[in-house]
Structures are given as C-alpha cells and as structure tokens.
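Please read the following walk through the structure with the sequence and the model side by side. It goes from one element or residue to the next.

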Amino acid sequence: MRPEHWLYTIPLRLRSLFRFDRTEQELDDEIRFHLDQQIEENIANGMTPKEARSAALRSMEGLELHKEECRDTRRVSWIGDALYDVRFGARTLRKNPGFTAIAVLTLALGISASTVVFSVIYNGLLRPFPYQDASRLTTFSIQDLRNTHVSENGPDSRGALTGDQLIGFQQQSNSLQDIAGFMNADVFCENGEMTLHLQAAYVTSNTFQLLGVGPLLGRSIIPEDANRSAYPVFAMNYHLWQKRFNSDPKIVGTSFVIDGLPRTLVAIMPPRFQIDGDDIWIPSDPIPGDSGISKNAAEPNRVWWPLGRLRPGVNSRAASRDLTAIAERLAEISPSHLPPQFTTVVTRPYIDVVIGGFKSTLYALGGAVAMLLLITCTNFANLLMARGSTREKEIAIRASLGASRGRLIRQFLVETLSLATVGAVTGCLFAYWGIKGILAVIPAGTIPKEAVITLNPSVLIFASCVAALTALLCGLVVALYGLRGELNLRLTQTGKGAGLSRRGGKFRAGLVVAEIALATTLLVAAGLMMRTLLALTHIDLGFNPANILVTELSFPNGAFPTPEGKKVFLQQALQRIVSSPGVIAAASSISLPPYGGPGSDLEIPGQPDTRPSRVAMDLCSEGFFQTLGMHLLRGRLFAEADMASSAQRVAVVDEVLARRFFPASDPVGREIKFNVLDLIPDAPHGTYFKIIGVVGSIKNYGLRNPAIPQAYLPYTTFGTPGGNILVRSAGKPLSMAKEVHDSIESVDRDVSLTATSSLETYLQTFSYASPEFGFVTFGSFAGIGLLLVNVGIFGLMAYNVSAQTQEIGIRIALGAQQVSILKMILAAGSRLIAAGILIGLSASYGLTRFLSRQVWGVTTTDHGTFTAVAILAAFTGLAACYIPARRATRVDPMVALRNE
Amino acid sequence: MLSVTEDMNMSKPSDLVQGTLDLLLLKILGLEPLHGWAISKRLKRVSGDNLHVSDGSLYPALHKLEQEGWITAEWKTSEFGRRAKFYSLTRLGRRKLEKETANWKRLSSAISGVVRLTEV
C-alpha cells in the first residue's frame with residue numbers, strides 16, 4: 001500500500017513546497033468559487049447582493065483559520081514556518097547586536113578551544129602513528145630495580161642491547177610477534193654532488209614488515225636486503241628527499257657513498273613514516289658473536305634499540321615476564337654484558353616512550369578545556385535565559401493572539417538554533433586559527449614526528465552538537481517558562497521583566513555560581529602552572545648560564561682512532577676558540593647541564609660500602625669549571641698537564657659526592673674507582689682516580705631533581721664518539737657561533753657542528769618548554785573563562801537592577817542614600833561570587849592532584865595560589881557588578897515610578 | 001476503524017464523530033467527481049438537517065483526503081461555466097471507502113444492537 005500512497009502524495013508535497021504560490025492561488029480560487037456560488041444562490045433566493053455576500057461569508061465562518069488548516073494538511077508547512085522563523089530570528093538577533101555578538105563569541109570560543117585541544121589529543125596521542133596496529137608496538141629495557149633512585153626518566157636501565165642479546169630476544173620471545181632493532185649512527189653520505197651529514201639508523205631487515213608501511217616511491221626493503229652478499233641498499237626519509245633533493249623521483253635507484261660504502265637508494269618512505277626520526281634507514285642485521293663494543297674510540301658501540309610487536313591478546317605484563325626469563329638466560333651466557341643487578345625487563349608502549357610526560361599534560365588540558373566548554377554552555381544558557389525573561393510579555397501577547405504552544409516553542413528553538421549555528425561556524429574559524437596557534441607553542445619533541453595535527457571533524461561536530469543541544473534546551477526552557485500559567489495575568493503586569501518569578505532568577509543565579517566555580521578551578525590550575533614555570537626558571541643551577549654558547553661535535557667514523565688523536569684535535573680547537581676576541585673561556589664535555597653524564601657505581605678503598613652508590617661521571621677539558629663559572633671549594637681544578645693520557649689519573653668531585661662518601665674526612669687526596677670503566681674497552685680498567693679538588697655542585701639530574709654525586713674526569717680518560725663544546729663569551733653567545741665554527745673547521749674540516757645555540761636556549765628547549773606550554777594553555781583558558789564569567793555576572797546583575805528599578809526608585813524616593821543602594825546591589829552580587837569561589841576552591845583542592853606531574857616547586861594545594869585566585873576572581877567579579885550597581889544609584893525615582 | 005481522538009487544532013463539527021465526515025465525502029465522491037460547492041450541496045441534501053457540516057470545515061477535510069492520496073483533484077470547467085476544482089476517488093480511496101463502509105456497518109449494527117437491548 002505504501003508505494004501507491006507515495007505515488008499520490010509525493011508529487012503533492014513537492015508541489016506545495018516548490019509551487020507554494022500556485023498552491024495558495026488554487027486554494028483562494030477554490031474558496032472564491034464556493035463563495036461566489038453561495039452568493040449567487042442567496043441572490044436567487046431573494047437577498048440583496050450585500051446581504052447575500054455577508055451571509056455567504058457567515059457560512060464560511062473562520063475562513064482564514066480554515067485556510068490555515070488546509071495548509072496544515074499539506075504536511076510541509078513546517079518548512080515554510082521554519083524559514084519564516086529563521087528570518088524572524090535573524091531580525092531579532094540583528095536588533096540586539098550586543099547580545100548576539102556575546103552569545104556567538106561565547107559559543108565560538110568554547111567550541112574552538114575544545115576542538116583544538118581534543119584534536120591535538122586525538123592526532124598526537126591516540127592516533128599518532130601511520131604504522132599498522134600501532135597500539136601493539138612496544139619497546140622494552142632491562143632495568144636495575146635495585147636502584148630506587150627514580151628520576152624523571154625512570155630507574156636506571158639498559159635500553160640498548162648487544163647484537164647477541166637482540167638475536168636472543170628475537171629467537172626466544174613468545175610474547176612478541178617480531179622484534180626489530182635500531183642502531184643509530186651519524187653518517188656522511190655523498191653522491192658525487194654533495195656530502196650530507198645525516199642521522200642514520202641501521203635497522204634490522206624485518207623493520208619495514210613489522211611496521212607494515214610500504215614506500216612512497218621505489219620498492220619495499222625486504223629481509224634479503226640485509227644479507228652480507230646482497231647489494232647494499234637504503235631507504236630515505238620523505239623530508240630529507242623533499243628538502244635536499246627537491247622531491248626528485250629520479251634519485252631513486254642512484255648510488256650514494258655512505259660511510260665509505262656504496263649503497264643504492266631503493267625507497268623513499270611516505271611523509272608520515274618517521275620512525276626514530278632518522279634521515280635514512282639502512283637494512284643490517286646483527287652479526288652473531290659480535291660483542292657490540294667498538295674496538296677504538298672513533299667508532300660508537302654497536303648497540304641496538306629494540307622495537308617489538310605484541311602478539312594479539314598478549315598484555316604488556318605477560319610480555320615483561322616472558323622477556324625477563326629470556327634476559328636471565330642471556331645473562332647466564334654472557335654475564336659481563338648483563339651485570340647481575342639488571343634483571344627485570346620492563347615493556348612500555350611505543351607511544352609512551354615517544355610522548356613521555358607530555359601525555360599527562362595533554363590529558364590535564366583535556367579536562368581544562370572540557371571545563372571551558374561547560375563555562376561557555378552555562379554562559380550561553382544564562383544569556384538566553386536573561387533575554388527570555390524580558391520577552392515573557394512578547395510570548396504572552398503572541399499566545400493570546402492565537403499562536404499555538406507548539407508554534408511558539410518552535411519559534412524560540414529556531415531562534416536559538418540559528419544563534420548556535422552562527423556560533424558553531426565562527427567556532428570552526430577560530431579552531432582553524434587556534435590549531436595553528438597551538439602547534440606553534442607545543443614544545444618540540446613532545447608530539448611524535450609521525451603525527452599530523454589537523455582539526456578533527458568528529459570532535460568539531462561533537463562540540464557543535466553540545467552547543468546546539470544547549471541552545472535547544474535553553475530555547476525550550478525559555479519558551480515553556482514563558483508559556484506557563486495564566487498568560488492573561490502577565491499581560492496586565494508591566495515593566496520589562498515583570499512576571500519574573502523568583503525561581504527563574506534563582507536558576508540563573510545558580511548558573512552564574514557554577515560558572516564562577518568552574519573559572520576559579522581553571523584559574524587555580526593556571527596559577528599552579530605559572531608558579532611551576534617561575535620556580536623552574538628561577539632554579540639555582542649552581543652556575544651562571546648567561547653568555548654561554550654550546551654546540552655538539554660530530555666526528556666522522558674513523559677520524560680519530562685513538563684518544564690521543566682526539567685530544568690533539570680538541571686542544572688545538574679549544575686554543576683557537578679561546579684566542580678569538582670576545583671569548584673568555586672554552587671547554588669540552590660529554591654532557592650538558594642539567595645532566596651530568598653517564599652513571600657509574602663507585603668503589604672507595606677501605607670503605608666497603610654495599611649501598612648503591614651511583615654517581616654521574618662527566619669527561620671534560622681543563623677549562624670546564626671556568627667556562628661554567630663553578631666554584632672551587634677545596635684542592636685544585638684540572639690543569640692542562642692532567643689531560644695527558646700518561647698523566648696520573650685524577651678526578652674532581654662535587655660537594656654532594658664529598659658529603660655522601662667522605663662525610664667526616666677531607667676527600668682531597670683520596671682515591672675512587674668507577675666500576676663502569678671496566679666495561680669500556682679503551683678505558684683504564686681497575687684504575688683508581690685521585691681526587692684533587694672539590695667544586696660546588698650544579699644541577700646534574702634534570703632541573704626538577706636535586707643534584708646527585710658528580711665526578712669530573714679528564715676527557716682523555718677514554719674515547720667517546722662525540723662531545724660538546726662550551727664557550728663563555730663577553731657578549732651575546734650566538735655572535736660567537738661563526739668564529740667557533742671557523743676555528744673548528746680550520747683544525748679539521750671533517751668535524752661538523754650541530755645544534756649550536758646558547759645554553760639558555762638549550763635549557764629553554766629541553767627544560768622550560770613543557771611548563772611554558774602548560775602555563776600558556778591553562779592561562780589562556782582560565783583568562784577566557786574569567787572573561788565569560790564576568791559577562792555572565794554583568795548580565796545577571798544588570799538584569800536584576802532593571803527588574804528592581806521600581807523598588808530602587810521607591811527606596812530613593814523614601815530617602816535611601818546612593819551608597820546604601822550601591823551596597824545593596826553589590827551585596828547581592830558578592831553573595832553569588834563568594835559562593836562560586838568557595839565551591840571552585842574546594843573543587844580545585846580535590847582536582848589539582850591530577851596536575852601533580854605538571855606542577856613542580858609548589859604543592860598542588862598551594863595556599864598562596866589559592867588565595868591569589870580567590871582575590872582575583874572576587875575582584876573581577878565585583879568589578880562586573882559595579883557598573884549595574886552604579887546604574888542603580890542613578891535611578892530617577894520619578895521616572896522609575898511613572899514607568900509603571 | 002473510526003478514530004475518536006479529537007484534534008484540538010481542527011475545527012470539526014462537534015456532533016460528527018471524527019472520520020465519519022471522511023466516510024461521507026468518500027461515499028459522495030465515489031458516485032461521481034464533484035467540486036467543493038456541489039459536495040456541500042449534496043451533503044446537505046442527503047443528510048437533511050441532521051448533519052451540520054459547515055462549509056468552512058469542508059475544505060480542510062477535502063484537502064486532508066487529497067493529501068492522504070484517497071482523492072485526487074483536477075481543475076475543470078464546471079456546469080456554471082467557471083473553472084472549478086473537481087475531486088474524484090483514487091484506487092486507494094475506493095479501497096479506503098470499502099473498508100470504512102464495512103467498519104461503519106459493523107459499528108452501527110453493534111451500537112444499534114446495544115441500544116435495542118437497553119430499550120427492552
């Protein structure tokens with residue numbers, strides 16, 4: 001039956017929709033035909049034309065109503081009505097530009113801020129990788145759980161494996177489907193036209209299969225490519241290809257010389273393939289029996305960083321157990337590579353390793369932005385309610401003129417929905433700009449390189465729907481509220497907001513209190529972030545970071561086969577740098593503050609200490625202490641003679657080490673042994689170092705942690721594959737960059753400099769960027785929140801004042817002072833503000849512990865911050881009340897009373 | 001089946017059960033295509049003064065039947081020489097008429113049965 005039904009009805013509906021005028025005309029014609037016939041009949045029955053006409057019309061009593069009923073039968077009239085409502089709504093909104101602008105801005109801010117933040121969370125945290133089943137990618141490390149000294153990087157661990165260990169894990173693991181290994185290397189790559197210094201990774205041949213991503217150009221790298229007998233090949237990062245080779249597809253298949261070995265480029269990987277962040281990937285499997293320890297100082301140790309894929313259904317705890325059992329077997333085979341304290345394998349999802357602590361920042365931000373969205377919706381509701389109550393009379397008039405309930409409700413819904421639509425569209429625009437803004441402030445290295453942060457359509461739709469829902473609810477409440485009870489009663493009342501029951505006012509006051517509470521919570525979070533940033537930037541580093549240039553050296557493979565050769569190079573280079581004008585001191589070291597170099601256990605003759613006694617160990621040149629401006633407390637600093645490898649083994653220690661290991665005696669002249677040196681082939685084994693001096697301690701375990709014991713050894717103690725140069729200058733440090741570069745190039749052309757910056761910038765990038773991000777984002781949300789709340793308070797108070805105009809007029813007429821009127825209004829406002837702040841502070845008290853990972857140097861319930869926020873919120877809130885209160889004092893009693 | 005829910009928005013003759021007017025109109029149009037005026041005349045003549053169907057409420061009812069697909073309209077020259085909107089029954093309408101007639105017979109016989117019962 002249905003299809004036949006549609007056969008008749010669909011053309012009719014379409015006709016009434018698109019040929020509306022024609023349909024109307026036909027309706028008129030049909031009725032007129034009837035009337036004319038009736039008139040003719042009446043005349044024929046002996047009436048005068050005039051009588052005939054009025055009798056005919058009488059028989060059609062309620063003609064217009066009947067016509068409307070005819071229209072309603074068409075079932076499409078709602079579309080026309082809706083269009084009319086939209087036009088009417090738009091006209092009303094245009095007539096109140098202030099209200100419209102504030103409502104639209106409120107919504108747009110809420111929608112855009114939440115869309116931007118949730119887009120970052122979605123693209124950066126939940127779906128950052130282009131790899132197949134990325135959630136099952138996992139890394140693992142062998143950890144020393146005995147050492148309870150947990151830093152921000154977790155307990156001491158051996159993340160890197162020797163080739164044999166990697167093979168062992170690959171062959172024996174049941175919990176991981178497959179394990180790939182990455183071996184990082186600085187390489188020089190040339191193709192006859194140019195020589196590039198690149199960050200390469202030797203990757204096991206299964207890497208590309210494990211990640212499940214094919215090349216953009218060329219062919220996939222297959223396991224056979226890693227065979228010793230196969231033709232050597234490699235794959236290139238899209239960004240390198242784009243930047244250095246102008247995206248030239250013809251370079252695929254050409255040959256490059258990489259570290260002295262010709263290799264053919266067979267694949268350009270897609271843009272989002274950024275595993276490990278390398279420039280090129282070279283297939284190479286570990287050789288069984290290779291200890292991984294380099295034979296000389298010029299080559300780095302061959303160690304592999306594992307990346308595995310969990311078997312479906314295996315959780316990371318089961319994988320840890322499985323891998324720990326393998327590690328125990330491997331330790332039995334070669335105990336020298338796995339000291340007994342490294343016993344437990346801990347797995348971590350790959351995303352956690354990449355994003356690290358920034359994850360909790362992002363989640364906290366998600367919470368904050370959800371609050372902001374709540375504030376905006378509340379504020380929007382508040383605005384609509386305020387306007388709705390001034391329109392109660394309009395509703396009453398329309399209802400008594402015959403508008404049906406449904407029709408009135410529909411009109412309000414359409415009006416608020418159009419407002420929400422404009423808000424959502426503006427929100428999209430804001431979000432488009434906002435995402436660019438947030439990308440500019442996200443600290444480098446926190447979001448995976450693979451992630452492409454774009455606006456997430458589903459988030460945008462979600463936020464817009466929340467706004468639309470708020471609009472619908474408010475429209476409905478306003479209309480129903482306006483329609484309740486006896487409408488005629490309201491018509492006889494007067495005044496703008498007359499008829500406002502106390503309940504409506506209370507509901508709006510409740511909304512304002514909720515807004516204040518939410519904004520207070522955001523302010524507390526922002527305040528804690530600000531305190532953290534201040535604390536971090538005002539940390540006493542133990543040295544003065546101003547005017548220091550730092551740069552990282554990269555030595556080509558095989559350039560300095562002995563420590564002596566490198567010493568000669570460094571000595572010459574440092575001499576040239578120091579002799580440049582403007583340079584005060586220069587030195588080399590293997591690590592940069594706030595980190596103090598690799599860790600080692602310490603052994604002291606005659607002090608059989610069984611406690612874990614971990615110290616940080618830096619290798620530096622004699623000028624190190626002068627360059628950083630550290631204080632000598634006892635003994636002497638390094639002299640040039642101490643740097644000779646034939647010299648007596650000496651060490652400088654810091655006061656933390658002195659206090660920990662020599663609490664009662666003078667450390668100068670005592671001997672200490674660094675156990676880790678026994679594991680390094682070209683380091684002096686079983687050797688005791690004589691302490692020659694004690695210096696003040698500097699931050700060496702990250703900015704947020706107290707310094708751990710620190711020892712400094714001459715840089716010639718053993719060979720390292722790279723190092724840093726630190727230069728203290730008289731003027732701006734970056735102005736020295738060219739001279740430092742030239743000095744080094746004049747000594748050896750093959751040594752290259754990377755990551756040249758001032759030490760302050762370096763600290764900024766690695767240590768302050770995250771707290772700064774937290775402060776900027778939370779701060780701006782709290783600022784927007786506070787602004788919206790003030791709009792809300794202002795709106796409510798202004799409305800209350802205008803509703804109370806008559807009362808105020810009477811009071812003034814009876815002799816009330818302006819001050820007492822002012823007090824009366826402010827008191828009403830401050831009650832709301834106080835309630836909101838109190839609720840907000842108690843909520844913050846419970847909620848800020850979720851920020852404990854972002855907050856440092858201040859407790860999450862810091863009284864100072866809470867007090868400051870309370871004062872700020874109270875002050876701005878009262879300021880918002882003040883203008884309406886002033887207006888109240890200027891009420892002219894005569895005008896106020898005559899208005900009634 | 002006869003619906004007895006009153007739609008507040010429709011001005012229906014109060015003594016006419018909702019749906020009965022539909023049946024009457026379908027029945028009249030089942031005999032021959034007619035325009036509104038003629039339908040009104042015929043309705044008055046057939047039912048005498050027992051059924052008060054105002055001219056005003058006739059048209060919404062006709063339009064409703066048209067929108068339901070039971071009758072269809074066509075502009076034709078009337079017997080008075082003027083163009084008028086003629087309604088005629090569709091196939092769907094004929095089926096509807098049969099169903100409604102059967103329903104009506106069932107209902108009225110049931111009711112008159114009950115009424116007679118109480119008279120005894």
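Helices (H or I, at least four residues) and strands (E, at least two) are DSSP runs, numbered from the N terminus. The model is predicted, so local features need pLDDT of at least 70 and side-chain atom pairs count only at pLDDT 80 or more, while totals for chains, interfaces and linings use all residues. Residues are numbered from 1 along each chain as its sequence is written, chains are lettered from A and ligands numbered from 1 in the order in which they are written, and side-chain values use heavy atoms, with hydrogens and water left out.

A:T717 sits in the loop between β20 (710–714) and β21 (722–729) of chain A. Is A:T717 buried or exposed? Buried means under 20% relative accessible area, exposed over 50%, and partly exposed in between (1.4 Å probe, protein chains only). With a relative accessible area of 3%, A:T717 is buried. Contact means heavy atoms within 4.5 Å. Leaving aside residues up to four places away in sequence, A:T717 touches A:L619, A:R649, A:L677, A:D682, A:A683, A:P684 and A:F689. A polar atom of the A:T717 side chain also lies 2.6 Å from the backbone oxygen of A:P714.

Another loop residue of chain A is A:D225, found between β5 (217–218) and β6 (233–236). A:D225 is buried because its relative accessible area is 9%. The side chain of A:D225 makes a polar contact with the side chain of A:R219 at 2.9 Å. A polar contact is a pair of N or O atoms within 3.5 Å; within protein, one must be able to donate a hydrogen and the other to accept it, and residues adjacent in sequence count only if both atoms are side-chain atoms. Not counting residues up to four places away in sequence, A:D225 touches A:R219, A:S220, A:A230, A:V233 and A:P283. Between A:D225 and A:D285 there are 60 residues of separation in sequence and 9.6 Å in space, C-alpha to C-alpha.

Two helices of chain A can be checked for length. The expected span of a helix is 1.5 Å times one less than its number of residues. For helix α2 (residues 20–44) of chain A, 25 residues should span 36 Å, and the end C-alpha atoms are 36 Å apart, which agrees. After α2(A) comes A:G46, whose phi is positive, near 100°. Helix α24 (residues 818–847) of chain A has 30 residues and should span 44 Å; its end C-alpha atoms are 42 Å apart, which agrees. The buried residues of α24(A) include A:I821, A:L822, A:I825, A:G829, A:L832 and A:I833. An α-helix has 3.6 residues a turn, so residues three or four places apart point the same way.

Chain B has four helices and three strands, in the order α-β-α-α-β-β-α from the N terminus. Of its 120 residues, 45% are buried. B:H35, in strand β1 (residues 34–35) of chain B, is buried with a relative accessible area of 1%. Among the residues that B:H35 touches are A:F33, B:F80 and B:F86.

The last stop is a pair of helices from the two chains. The axes of helix α4 (residues 63–72) of chain A and helix α3 (residues 55–68) of chain B come within 8 Å and cross at roughly 5°. Angles under 35 degrees count as roughly parallel, and α4(A) and α3(B) are therefore roughly parallel to each other. Axes are lines fitted to C-alpha atoms, for helices over the stretch in contact, and angles run from 0 to 180 degrees between N-to-C directions. In this pair, A:H66, A:E69 and A:C70 of α4(A) meet B:G56, B:S57, B:Y59, B:P60 and B:H63 of α3(B).

Key: Angles under 35 degrees count as roughly parallel, over 145 as roughly antiparallel, 65 to 115 as roughly perpendicular and the rest as oblique.
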